[in-house]
There are 2 protein chains.
Amino acid sequence: MLQGKVLIAQGGGPTAVINQSLVGAVQEARRLGAEGVYGALHGVNGIVNENLVDLAQETDANLERVAQTPCSALGSTRDKPDLAYCQEIFKVLKAHGIGTFFYIGGNDSSDALRIVAEEAAKADTPMRCVHIPKTIDNDLMVNDHTPGFPSAAKFVASAFAGVNLDNRALPGVYVGIVMGRHAGFLTAASALARKYADDGPHLIYLPERTFDMDKFTTDVKAAYDKHGRCVIAASEGIHDSEGTPIVTKLAKEVEKDAHGNVQLSGTGALADLLTDAIKSNTDISRVRGDTFGYLQRSFLGCVSEIDQVEAREVGVRAVQFAAWAGRDGTVTIHRVGDYAADYRLNALEDVAAKTKVMDDAMIDAGGADVTPAFIDYARPLIGAAGAEAFRLRAPAVDKILGK
Amino acid sequence: MLQGKVLIAQGGGPTAVINQSLVGAVQEARRLGAEGVYGALHGVNGIVNENLVDLAQETDANLERVAQTPCSALGSTRDKPDLAYCQEIFKVLKAHGIGTFFYIGGNDSSDALRIVAEEAAKADTPMRCVHIPKTIDNDLMVNDHTPGFPSAAKFVASAFAGVNLDNRALPGVYVGIVMGRHAGFLTAASALARKYADDGPHLIYLPERTFDMDKFTTDVKAAYDKHGRCVIAASEGIHDSEGTPIVTKLAKEVEKDAHGNVQLSGTGALADLLTDAIKSNTDISRVRGDTFGYLQRSFLGCVSEIDQVEAREVGVRAVQFAAWAGRDGTVTIHRVGDYAADYRLNALEDVAAKTKVMDDAMIDAGGADVTPAFIDYARPLIGAAGAEAFRLRAPAVDKILGK
């Protein structure tokens, strides 16, 4: 059964359903009679600083409500543990009798867990380590998709469905910037906003392809000439042929996180850069840009039901694997029906610090759209349509004055 | 009863419920046996260009679905009719036998309708003109509030509830820029996101008060020192003591619309300016800014039920007033219970081209927050809470290593 006390932590960027995984793990650990169920505040940072809470002393009623609340309830961290950091983690885990450690996070978090697991093995400390996947970027290897992505995709699709209607009412060019450093899945989800043949986004720019400013303005002009308006979805991670993010071409100073990544979110610079390029290189006067920013991963009330169920499942399954699989690993999601999912335990190395990007088959040959294969892949994940856009169909009145 | 054929148009910025008003007016005009029910495409622009559609030839089933769809289904315009423009409008109205004209819009649109009504009187052309209110800015005189505001307020509150959770999980400073040129109601709605005592937004900057950059960075530092994090809501219309919008201090060129207003939305410049000021004047490293942009008025699936009902009501009541009140005017919303609303017909002059701003009693004396009076005013409008944020309450585990 479960070895020692259980400790659960949440790392990386929050999602709409990350607390479903937390609550699934907590409740299953309690059900399986774990000798203790602790949570670390702010991920691995809470471990090294011994900031732990006793999750055994939570009611199921409150846990269920927390599960419905977006963003890491235990707090998160961007710390990336190195060897010394991991040794500090051990001291705390050992002192508190922790024998089973769950870390809910993305590929950076799974890599941290991999290091902890290795250090545990070296130190001959029995420690069952299981990674619980989450990331709105949808960029974990092996997984069909990752918890958090479907809800963020629903937000992006709902946002583009709205701005497409807005742009249709007051025509012009609209650029929406979507999160995603290396993987374009979330930006691609903007295509789920389309219903009628001329609906936007009319152009979609993904980090899987090189971004060329001249081609961009030519694309925009062509789409505008065709539709009398143009809605564009662009990933914050779009980059030139050398891999340099387009946003850094404007930024005065470049901010990097603990993982050495250039900070892309939290600024409207890329949208402004792209709208300025359109204004300078075309004669289109009404050009607007928005950066969806943190709303994509935190907006209260925009969640995919399938995502909620699956995020809960990976938390529960992680505890079951820890109890009975006899090995460390990461819980992975596999598509086994249209639509149905199943969960497996893979080695931490299979996902740690690796990044999955979109298949070529999901990207249009022109480089500025997705294919029907992506729509088929993503559509079931956002679940029930919820709100949907409808148009008037009233026929034109015959002109009398011939205007 | 209804005079001549009925024409309905939509002007200004779209809202989540503007089609409820359209459909209410169309169905009531049909029910009252109007000899024709036309719609103008893209507001007054569609009239002068004789781009009309025959709304009698719409099914109720489709109209009901359009009513649930955000953004002006007939299309909108920013055109501001002058005398010559109005003479063109008359030619078209007269040629098509229009005797009753409804314009759904804000204070700019109501002013356009006022000019049309005056020109009709001068030209001795019988023309019943009724304005149907809508604006997310909530800045129409006489009205307790305006259709479109409650849904946009719900979006802003949901967004801040989410970013507050995100900011709590990964502490730092977050600035969210909200629409609203002169009136701070929508920015103030961010306060509806608060539940627990230390929830953000911790600071709220409204266009009703002069914005001082030094006071701002001092406020931010104090809030950050107190909470270890800080969430800020700021109106896009914040300005210095001379009334100059703060955003123009950075913009290379200033874009103005047909009404002479400086373009504030569609750029992330203000958020970036404020986050840069915080980074330069404090030692806080994690500072992020988002501009909510067009999502506030168009996001598919975020709507207040009360707003939907009231937007429908003002459309229906406008037609009833046109049929039986015997005068032109604007439909106004009045609060007659806690919570209940009623509708009256006021003179067009009462709202045309005027702007209502927040009462002093709704603004905190410190100038960076709202009072409970605003919460009491706004809370009923966003309707059922829907999603709500909950926290873990697990007690701390006793430290063993004393870290």
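Predicted model: local features only at pLDDT ≥ 70, side-chain atom pairs only at ≥ 80, totals over all residues.
In chain B, α1(B) passes α11(B) in a right-handed crossing.

- Helix α1 (residues 18-31) of chain B and helix α11 (residues 305-324) of chain B cross at roughly 35°, and their axes come within 7 Å.
- On the α1(B) side, the residues making the contact include Ile18(B), Leu22(B), Val23(B), Ala25(B) and Glu28(B).
- On the α11(B) side, you'll find Ala311(B), Arg312(B), Val314(B), Val316(B) and Val319(B) among them.
- Sorted by class, the contact of α1(B) with α11(B) comes out as 10 nonpolar, six polar and three charged residues.

**Where chain A meets chain B**
- Each partner puts in 71 residues: 71 residues from chain A and 71 residues from chain B.
- On the chain A side, the elements giving two or more residues include the strands β2 (37-40), β3 (52-54) and β9 (287-291), plus helices such as α4 (83-95) and α9 (269-281).
- The top contributor on that side is α6(A), with eight residues.
- Chain A's side of this contact is made up of 35 nonpolar, 21 polar and 15 charged residues.

**The two domains of chain A**
- Both domains are assigned in two stretches: domain 1 covers 5-147 + 303-350, and domain 2 covers 152-301 + 358-382.
- Their C-alpha centres sit 32 Å apart.
- Where they touch, 19 residues of domain 1 are in contact with 18 residues of domain 2.
- Domain 1 brings seven nonpolar, five polar and seven charged residues to its side of that contact.

Notes:
Residues numbered from 1 in each chain as written. Chains lettered and ligands numbered in written order. Domains from an automatic or database assignment. Contact = placed C-beta atoms within 7 Å. Nonpolar A, V, L, I, M, F, W, Y, C, P; charged D, E, K, R; others polar. Helix = DSSP H or I, 4+ residues; strand = E, 2+ residues; numbered from the N terminus. Axes fitted to C-alpha atoms, helices over the stretch in contact; angles between N-to-C directions. Left-handed = near helix turned anticlockwise from the far one by under 90°.
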